[in-house]
Amino acid sequence: MHVAVVGVGHVGLVTAACLAADGHHVVGMDDDASKIEGLHEGRIWFHEPDLPELVAEQEAAGRLSFTDDLAVALKEAEVVFVCVGTPPLPGGGPNLRYVEAVGRKVGELAERDVVLVEKSTVPANTGARLRGVIERELDRRGHDVTVHVASNPEFLREGQAVADTLRPDRVVYGTEHEDARDVLRRVYAPLLERTGAPAVETDVPTAELIKHASNAMLATRISFINQVARVCDAVGADVAVVAEGMGLDERIGPKFLQAGLGYGGSCFPKDVDAFIHLARQVGEDFLLLEEVRRINEGQREVVLRKLRDELWHLEAKVVTLLGAAFKPGTDDLREAPALYLARALLAEGATVRVYDPVALEAFAAEVEGVVAIDDPLEAMRDADAVVITTEWDEVRSLSPGDFLETLSYPIVIDARNAFDPDTMLDAGVRYHSMGRRSASDRAS
Ligand code: UDX
């Protein structure tokens, strides 16, 4: 099939490359000519494993090309995936001007019948809005073509985006039109055949809600286990074993029960806000999700409290953050808890050093006053304490001896529960983590 993907950011580029890998002819389009130019030269401006290779392979096979001209992308397309950004607005809702602009332009430029598929994470009612915008454009030109709207949310994780897209747990698509459903069936037939993944066929609002509810549920699990971790800290229980014991119940399952510094990234914080916002718009106070957000933000305060407990005050202390990105495997700093911690520590008069294998420069550019060091041991040398902020392999592979030999006093706040408490405590590290045995328990 001929497919256009509008917006070649993280979601769009992965979608384009993976659809091409399943045999479709895909044109990726973006208004930002510099991005398109970069892609023509083989440059991708974000870190995503396997993506550069897949893009190059599909371009070489003649199934993937790029343009900054929407008319070119639309020329042969039967289906257009909308993957433009939906940045948050001050009130918590997403900014939908880019989604609207694509709808309007497709309504204006389409030369053949086409299905417009929302892939950007959008509030559950965007499909109806989009339909209105397109109808107006089609009215203007006398309805010589048909543009149907569909929703096909993505569930890809940064750092695993290619694998998640090529082998998804499920494919969800919603549309009210039989013709559009047929088009989406044909788009996904190769993937469904190849993987055996189930498809959920539904209407547009239900597909949109599946996306909202899935991300909200995952965020809720993380906040749930983080709140449990705080209680574990207070009663001397081990949250990792609690999570393991819970997860063995098939109804609960083991995933997304890793206590730590809370969720960050471009999706969960924004999507939780957007779902709260959407619920409020229809007269529902989603207090559960407001609490999820409050617990998540509170995890950073838990870390600061642990630091203050050990260091008494933070003024003139040197604190090293091991990890900048919001999780390993990505250079994304959006809503990274390390940003918040660095700013809070600087505000309390500490010197903040940071190490990260991929996001160091961007972090230093974002937080004025941090000292960026590209070697974890150097970053820790003679520091007063270290906080494990991202569980990179480069960080996990450090030994207790590395902390004992480099820090001025071996205080480690493991905000990601990346190390084994007994190994660290037995070696003599003043070790604290989130909801597990700590140096203070040993002392008592
Ligand atoms: C997420 C969803 O997983 C994906 O389906 C959706 O499409 C986009 O949002 P992503 O933001 O890439 O993907 O990251 P993910 O791997 O889900 O982790 C999100 C955050 O939660 C990270 O900060 C991670 O450290 C944290 N997390 C995850 C926990 O704190 N505990 C866990 O058990 C799992």
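## Exercises: cavities and the domain interface

The second largest cavity has Thr-86, Pro-94, Thr-121, Val-122, Pro-123, His-212, Lys-270, Asp-271 and Ala-274 as its lining. The model is predicted, with local features needing pLDDT of at least 70 and side-chain atom pairs pLDDT 80 or more, while totals for chains, interfaces and linings use all residues. Residues are numbered from 1 along each chain as its sequence is written, and side-chain values use heavy atoms, without hydrogens and water.

**Exercise 1.** State where the second largest cavity lies relative to domain 1 and domain 2.

*Solution.* 
- Step 1: a cavity is a set of points on a 1 Å grid over the protein atoms alone where a 1.4 Å probe fits but cannot get out, and lining residues have an atom within 4 Å of a point.
- Step 2: the domain assignment, automatic or from a database, gives domain 1 (2-202) and domain 2 (218-443).
- Step 3: both domains give residues to the lining, so the second largest cavity lies between them.
- Step 4: helix H11 (residues 268-281) gives the most to this lining, with three residues; helices are DSSP runs of H or I, at least four residues, numbered from the N terminus.

**Exercise 2.** Describe the largest cavity by volume and lining.

*Solution.* 
- Step 1: the whole structure holds two cavities of 30 Å³ or more, a volume being the space filled by probe spheres set on the grid points, which are joined across faces, edges and corners.
- Step 2: the lining of the largest cavity includes Glu-118, Lys-119, Ser-151, Glu-208 and His-212.
- Step 3: helix H9 (residues 204-235) gives the most to that lining, with three residues.

**Exercise 3.** Characterise the interface of domain 1 and domain 2 by contacts, buried area and salt bridges.

*Solution.* 
- Step 1: 15 residues of domain 1 are in contact (heavy atoms within 4.5 Å) with 15 residues of domain 2.
- Step 2: the two domains bury about 1200 Å² between them, 50% of it on carbon and sulfur atoms; buried area is the accessible area (1.4 Å probe) lost on putting two parts together, summed over both.
- Step 3: on the domain 1 side, His-47, Gly-92 and Glu-158 lose the most area to domain 2, together 45% of what that side buries.
- Step 4: one salt bridge is found across the interface, the rule being a side-chain nitrogen of Lys or Arg within 4 Å of a carboxyl oxygen of Asp or Glu.
- Step 5: Arg-334 forms a salt bridge with Glu-158, with the closest N and O atoms 3.9 Å apart.

Conventions: 1 Å grid on protein atoms, 1.4 Å probe; cavity = no way out; pocket = protein on both sides within 12 Å on 5 of 7 lines; lining within 4 Å. Helix = DSSP H or I, 4+ residues; strand = E, 2+ residues; numbered from the N terminus.
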